[in-house]
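Hi everyone, thanks for making time.

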Amino acid sequence: MTVRNDWSREEIQKLYDQPFLDLVFDAQRIHRQNFQANSIQVSTLLSIKTGRCPEDCKYCSQSSRYDSKLEAEKRIAVEKVIAEAKAAKEAGSSRFCMGAAWRNPHERDMPYVLEMVQEVKSLGLETCMTLGMLDQSQAERLKTAGLDYYNHNLDTSREYYSNIITTRTFDDRLDTLDHVRRVGMKVCSGGIVGLGEGKQDRIGLLHELATLPIHPESVPINMLVPIEGTPLANVDKLDTTEWIKTIAVARIIMPKSYIRLSAGREALSDSDQALAFMAGANSLFSGEKLLTTPNAGEGKDKVLFAKLGLTPEKPKPTVTELSVDAMAISA
Ligand code: SAM
Ligand code: DTB
Ligand code: SF4
């Protein structure tokens, strides 16, 4: 199956507007042509610097502009990050994603994040970071340290974007994605639904993602987690079906990308989650917490996986683990 980067908005709209069951059926068919059925990639998130962010993203608990009652935390120690990463690996995660409430990393933060990447990578976990905007040299240094993925979301359509964020532009976001791509790092980029946007904006977001020169390897589709004190605290809740449709269309137009059921999973029933997997979601965040909000813990996910017959993708073995295996075979 060929991967296309020339989708038109009309084609995407047509996919989105199909009868729901036709759309989900199509998405699952395409999913099975490109991925192993019943296998889910599991990532764990950790906030390495929480709150007091200068940006004005209207959904976010971490913006200093809103009174979200979040307790801010300075950079946490690298040792603590390593301990959390080890625990995540033991619990079955294959990727460890570290997030910071920054507009962009300052030069003084670089040694801290670079050391962290090296250490987490040496545990045999895939590494991911989300630190805000990156310049070309920062992307280069993160790649050299062993960073596998960089998460930077487009969040919503170009047209709706300025209703949500004014402190950085849509094109700033595309520039960061371009810097990440140029150094050969994998891209994790998606958006949020339920921001008060219309269907055309969900289609616009999907169109932007699917017409990037290379599709993001990982596409998180978040559902707004309303945060008290933020401008979007009381926005009307989006029907879950629209979230599932967004996932299904993403699966069809970006057939080789991992589509991640992200923030908002707490609000989904087990059967809604099953429907999201049916629609082609094959990745999720596990653990008790996302960055600042609660998430389904590992225990809950184990039960869900057993109920649905899903298997977590295995973390890649470390070099040491590989050589121990090789010795066992040759003995
Ligand atoms: N500060 C960095 C940045 O914005 O690039 C990294 C962290 S930021 C929290 C990562 C992403 O989480 C955002 O782009 C947004 O898509 C998602 N997110 C943040 N708060 C959310 C919320 N309340 N509900 C759903 N998704 C949210
Ligand atoms: C993404 O798209 N979703 C994750 C991850 N990338 C960094 C973050 C979700 C955050 C949800 C709100 C919170 O916990 O603060
Ligand atoms: Fe800051 Fe990221 Fe939250 Fe925006 S989404 S306010 S940049 S932490």
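Let's start with a contact: a polar side-chain atom of Asn-153 lies 2.9 Å from an oxygen atom of ligand 1. I call that a polar contact, meaning a pair of N or O atoms within 3.5 Å. The protein covers 90% of the 560 Å² of accessible area that ligand 1 has on its own, with areas from the Shrake-Rupley method and a 1.4 Å probe.

Before going on, some housekeeping: this is a predicted model, in which local features need pLDDT of at least 70 and side-chain atom pairs count only at pLDDT 80 or more, while totals for chains, interfaces and linings use all residues. Residues are numbered from 1 along each chain as its sequence is written, chains are lettered from A and ligands numbered from 1 in the order in which they are written, and side-chain values use heavy atoms, with hydrogens and water left out.

Back to ligand 1. There are 17 residues around it, and Tyr-59, Thr-130, Asn-153, Asp-155 and Val-225 come nearest; "around" means having a heavy atom within 4 Å. By class, the shell of ligand 1 has 10 nonpolar, 5 polar and 2 charged residues. For those classes, Ala, Val, Leu, Ile, Met, Phe, Trp, Tyr, Cys and Pro are nonpolar, Asp, Glu, Lys and Arg are charged, and the others, Gly among them, are polar.

Now ligand 2, which has 13 residues around it, Asn-153 and Asn-222 being among the closest. The side chain of Asn-222 puts a polar atom 2.9 Å from an oxygen atom of ligand 2, and Leu-291 brings a backbone N or O atom to 3.0 Å from an oxygen atom of this ligand. Of the 410 Å² of accessible area that ligand 2 has on its own, the protein covers 87%. Its shell holds 6 nonpolar, 7 polar and no charged residues.

Ligand 3 is surrounded by residues including Cys-53, Cys-57, Tyr-59, Cys-60 and Arg-168.

So where do these ligands sit? The grid has 1 Å spacing over the protein atoms alone; a cavity is a set of points where a 1.4 Å probe fits but cannot get out, a pocket is an open set with protein on both sides within 12 Å along at least five of seven lines, and lining residues have an atom within 4 Å of a point.

The whole structure has 1 cavity of 30 Å³ or more. The largest cavity has a volume of about 850 Å³, and Tyr-59, Cys-60, Gln-62, Asn-153 and Leu-291 lie nearest its centre among 39 lining residues. That lining comprises 21 nonpolar, 12 polar and 6 charged residues.

Finally, the pockets. The largest pocket has a volume of about 430 Å³, and its 21 lining residues include Leu-45, Glu-84 and Lys-289. The second largest pocket is about 260 Å³, and its lining has 4 nonpolar, 4 polar and 8 charged residues.

Key
A polar contact is a pair of N or O atoms within 3.5 Å; within protein, one must be able to donate a hydrogen and the other to accept it, and residues adjacent in sequence count only if both atoms are side-chain atoms. Grid points are joined across faces, edges and corners, and a volume is the space filled by probe spheres set on the points.
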